[in-house]
Amino acid sequence: MGNLIKVLTRDIDNNAGNFFLDFENAQPTEAERQLWEQVNKVLDEAMSILKDLQSYSGAGEAIRQAIQQPNDERVQEKAWAAVVPLVGKLKKFYEFSIKLEGTLHGLLGFLTSSRCSPTQHLEQEQALARQFAEILHFTLRFDELKMTNPAIQNDFSYYRRTLSRMRINNLAMEEENEVNNELANRMSLFYANATPMLKTLSDATTKFVSDNPDLPIENTTDSLSTMASVCKVMLETPEYRTRFASDDTVLFCLRVMVGVIILYDYVHPAGAFVKSSKIDMKGCIKVLRDQPPNRVEGLLNALRYTTKHLNDDTTSKQIKNMLQV
């Protein structure tokens, strides 16, 4: 992710924050290693998930033929045979979202503990901070691919309709199908969301806070706002951006910045857009708007449509105007 980058964050810990955050080469300390190895396996699987999603072409033609020729059993069987393995992939994506939720809880537990400040966590536990950033990067990328592929919803809708028809006609037992009706209902709620992985992470972060009442909420929100500040500074400072080894690092930082803003907005009682927010929202939106529109429109839409507090009365008109389409 570029050379070792010196990042100046805002004074979140009441202690001037000059530290290096290396998104490319950070290696785990002994204290981090056990959790790092667990998360690394999940991140390896995440790459496989993205490849499968990128190559997901759908069964559109077979479904169209089946709808047009409802009485032709051969055509119906062909469509079902085309859809079933695709739904198996969708099941894998959904099950991975559950695994990702548990992984996030583990990382948050480590990075928000009270043994040191949020900035010190990110400075001293860079390997885990990098993995947290990679999870956010995966999440935004997954949702971008899902939103631009209508075949996913079409395939799954056809599968559910056909499964329902089979049950009515007693053509198949529930246990014979890889995705039974109960699982299909849960998957339907997941895929009905425009950004299902981001919702998973938002809900998981909120649950992490509620499940740990002895942990000050500021530990979590300050960790998120620190990460947003780190990404913003790297993106808006030419001296840092010129050190990126790849232009892909810019998009990586943009996705991570937007991801932590959304998580912060769900977890912090007042949200990310109030004047007292520890995230410089105007600065973050400006960084997004300074990029080529075609590469950030999805991220701007994520701020517009998946945040919790943007439309609150406490959000300034200037911020709302900056995010207008």
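# Charges and rings in a predicted model

Modeller: Let's begin with one pair in this predicted model: lysine 232 and aspartate 280 form a salt bridge, with their closest N and O atoms 3.5 Å apart.

Colleague: How many residues apart in sequence are the parts that lysine 232 and aspartate 280 tie together?

Modeller: Lysine 232 sits in helix H9 (residues 217-236). Aspartate 280 belongs to the loop between H11 and helix H12 (281-289). The pair therefore ties together parts whose separation in sequence is 48 residues.

Colleague: Is lysine 232 buried or exposed?

Modeller: We compare its relative accessible area with a cut-off: buried means under 20%. Lysine 232 has 11%, so the word for it is buried.

Colleague: Which residue forms a salt bridge with aspartate 52?

Modeller: Aspartate 52 lies in helix H1 (residues 30-54), and its partner lies in helix H3. The closest N and O atoms of the two are 2.5 Å apart, and the partner is lysine 92.

Colleague: What separates lysine 207 and aspartate 211 along helix H8?

Modeller: These two form a salt bridge as well, with the closest N and O atoms 2.8 Å apart. They are four residues apart in helix H8 (residues 196-211), so the separation is about one helical turn.

Colleague: How many salt bridges does a search of the whole structure find?

Modeller: Some of them join up: Arg141, Glu144 and Arg255 are linked in a network of salt bridges. The search of the whole structure gives a total of 18.

Colleague: Why does aspartate 265 have no salt bridge, and how far away is the nearest side chain of opposite charge?

Modeller: Aspartate 265 is buried in the model, and it is found in helix H11 (residues 248-267). A salt bridge needs a side-chain nitrogen of Lys or Arg within 4 Å of a carboxyl oxygen, so we check that distance. For aspartate 265, the nearest side chain of opposite charge is lysine 308, and the distance is 7.9 Å.

Colleague: Which backbone nitrogens does the side chain of aspartate 265 reach?

Modeller: Among the residues that aspartate 265 touches are Thr307, Lys308 and His309. Its side chain reaches one backbone nitrogen at 2.6 Å, that of lysine 308. At 2.8 Å it reaches another, the backbone nitrogen of histidine 309.

Colleague: How many aromatic pairs are there in the whole structure?

Modeller: Several rings are joined through such pairs: Trp80, Tyr94, Phe156, Tyr159, Phe190 and Tyr191 form a cluster. A search of the whole structure finds a total of eight.

Colleague: What arrangement do tryptophan 80 and tyrosine 159 have as an aromatic pair?

Modeller: Both residues are buried. Their ring centres are 5.1 Å apart. Planes under 30 degrees apart count as stacked; here the angle is 10°, and the arrangement is stacked.

Colleague: What arrangement do phenylalanine 96 and phenylalanine 138 have?

Modeller: Phenylalanine 96 is buried at 0% relative accessible area, and phenylalanine 138 is buried at 3%. Their ring centres are 5.4 Å apart. With 80° between the planes, this pair is edge-to-face.

Colleague: Which residue lies over the face of phenylalanine 110?

Modeller: Here a charged residue meets a ring. At 4.6 Å from the ring centre of phenylalanine 110 lies arginine 115.

Conventions:
Residues are numbered from 1 along each chain as its sequence is written. This is a predicted model: local features need pLDDT of at least 70, side-chain atom pairs count only at pLDDT 80 or more; totals for chains, interfaces and linings use all residues. Side-chain values use heavy atoms; hydrogens and water are left out. Helices (H or I, at least four residues) and strands (E, at least two) are DSSP runs, numbered from the N terminus. Buried means under 20% relative accessible area, exposed over 50%, partly exposed in between (1.4 Å probe, protein chains only). Lys and Arg count as positive and Asp and Glu as negative; His and the chain ends are not counted. A polar contact is a pair of N or O atoms within 3.5 Å; within protein, one must be able to donate a hydrogen and the other to accept it, and residues adjacent in sequence count only if both atoms are side-chain atoms. Contact means heavy atoms within 4.5 Å. Rings of Phe, Tyr and Trp (its six-membered ring) pair if their centres lie within 6.5 Å; planes under 30 degrees apart count as stacked, over 60 as edge-to-face and the rest as tilted. A charge sits over a ring if NZ of Lys or CZ of Arg is within 6 Å of the ring centre and within 35 degrees of the ring normal. Lists of a residue's contacts leave out its neighbours within four places in sequence.
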